[in-house]
Amino acid sequence: MRITAKDIVMDGAEVLRQKAVEVELPLNRKDRNTLLDLITYVRNSRDEEYREKYNVKASVGIAAPQIGISKKMLAVSIQDEDTSIEFALVNPKIVSNSTQRAYLENGESCLSVSPDVEGIVPRYAKITVRAYNLLTDRIENIRLTGYPAIVMQHEIDHLYGHLYYDHINKNDPWAPVPGAIVI
């Protein structure tokens with residue numbers, strides 16, 4: 001299945017607020033194909049021609065609930081001058097985190113939220129995630145810091161029925177977080 005804009009579930013849909021179910025390993029064909037579709041979407045969304053042709057938004061991550069599948073699967077692909085990482089994860093779980101916080105200076109956005117809800121989204125500055133990674137075909141402990149850690153937390157939130165704006169201070173959306181790293 002080629003994921004396009006019409007496949008992205010938007011805020012207000014029940015599936016985005018549900019806790020996704022664990023995925024049985026080894027992966028069955030359907031779950032494997034879904035995960036491959038997720039990583040393909042994220043990879044292709046960086047290409048401007050592809051975005052225009054298939055009406056998709058640029059992305060660095062997507063979770064299965066965002067295409068209406070309430071299963072603990074997600075894909076992340078960050079390719080820039082500083083970072084080159086890709087994950088196609090099943091049953092990801094944050095197993096450790098820093099006490100220090102971090103946030104994106106301009107806030108976060110989401111394929112499933114339009115228009116964007118503005119504000120600071122506090123996250124952990126460093127995390128370790130344990131998950132099965134389809135791209136390496138093994139269970140891994142993945143250590144992330146800074147922007148990649150923020151992206152991963154955003155996608156894992158989708159698996160627990162949380163959206164990024166749930167973390168924004170309702171009284172003062174742009175209130176700085178004391179001691180946090182600003183990215």
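**Entry 1: terms and ground rules**

I call a residue buried when its relative accessible area is under 20%, exposed when it is over 50%, and partly exposed in between, using a 1.4 Å probe and protein chains only. Glu140 is buried by that rule, with a relative accessible area of 11%.

I note that this is a predicted model, in which local features need pLDDT of at least 70 and side-chain atom pairs count only at pLDDT 80 or more, while totals for chains, interfaces and linings use all residues. Residues are numbered from 1 along each chain as its sequence is written, and side-chain values use heavy atoms, with hydrogens and water left out.

I name helices and strands from DSSP runs: helices are H or I with at least four residues, strands are E with at least two, and both are numbered from the N terminus.

**Entry 2: salt bridges**

I counted a salt bridge where a side-chain nitrogen of Lys or Arg lies within 4 Å of a carboxyl oxygen of Asp or Glu. How many salt bridges does this rule give? The count is eight.

I looked up Glu140 again and found its side chain in a salt bridge with that of Arg138, at 3.5 Å from N to O. Arg138 is partly exposed at 49% relative accessibility, whereas Glu140 is buried. I also noted a network: Glu108, Arg123 and Asp157 are joined by salt bridges that share partners.

Next I took Arg17, whose side chain meets that of Asp166 in a salt bridge of 2.6 Å, N to O. This pair links distant parts of the chain, 149 residues apart: Arg17 is in the segment before α1, and Asp166 is in the loop between α3 (146-158) and β8 (181-182). Both ends are partly exposed, Arg17 with a relative accessible area of 39% and Asp166 with 32%.

Then I looked at Lys72, which forms a salt bridge with Glu22; their closest N and O atoms are 3.2 Å apart.

**Entry 3: the nonpolar core**

I used this rule for a nonpolar core: a set of buried Ala, Val, Leu, Ile, Met, Phe, Trp, Tyr and Cys residues joined through side-chain atoms within 4.5 Å. The largest one has 22 residues, and Leu35, Leu38, Tyr41 and Ile62 touch the most other members. Elements that each supply at least two residues of this core are α1 (29-44), α2, β2 (73-79) and β3 (84-97). The largest share, five residues, comes from α1.

Ile78 is buried, with a relative accessible area of 2%. The C-alpha atoms of Ile78 and Val60 are separated by 5.6 Å, though the two residues are 18 apart along the chain.

**Entry 4: a charged patch**

I found a patch of negative charge on the surface, made of Asp47, Glu48, Glu49 and Glu52. A patch takes residues with over 30% relative accessible area and no salt bridge, and joins like charges within 9 Å. For the distance, a charge is placed at NZ of Lys, CZ of Arg, CG of Asp or CD of Glu. I picked Glu49, which sits in helix α2 (residues 48-54). Glu49 is exposed, with a relative accessible area of 66%.

**Entry 5: backbone**

I wrote down the general rule before looking: most residues other than glycine have a negative phi, and most peptide bonds are trans.

Another cis bond joins Ser114 and Pro115, with omega about 0°; Pro115 lies in the loop between β4 (101-103) and β5 (123-124).

For phi, I noted Asn55, which has a positive value near 50°. Asn55 is in the loop between α2 and β1 and is exposed at 54% relative accessibility. Asp137 also has a positive phi, near 60°. Asp137 is in the loop between β6 (126-133) and β7 (138-145), and at 56% relative accessibility I list it as exposed.

Note on methods:
Patches are made of residues with over 30% relative accessible area and no salt bridge: like charges are joined within 9 Å, nonpolar side chains (Val, Leu, Ile, Met, Phe, Trp, Tyr) within 5 Å. Accessible areas come from the Shrake-Rupley method with a 1.4 Å probe; for residues, only the protein chains shown count as cover. Lys and Arg count as positive and Asp and Glu as negative; His and the chain ends are not counted.
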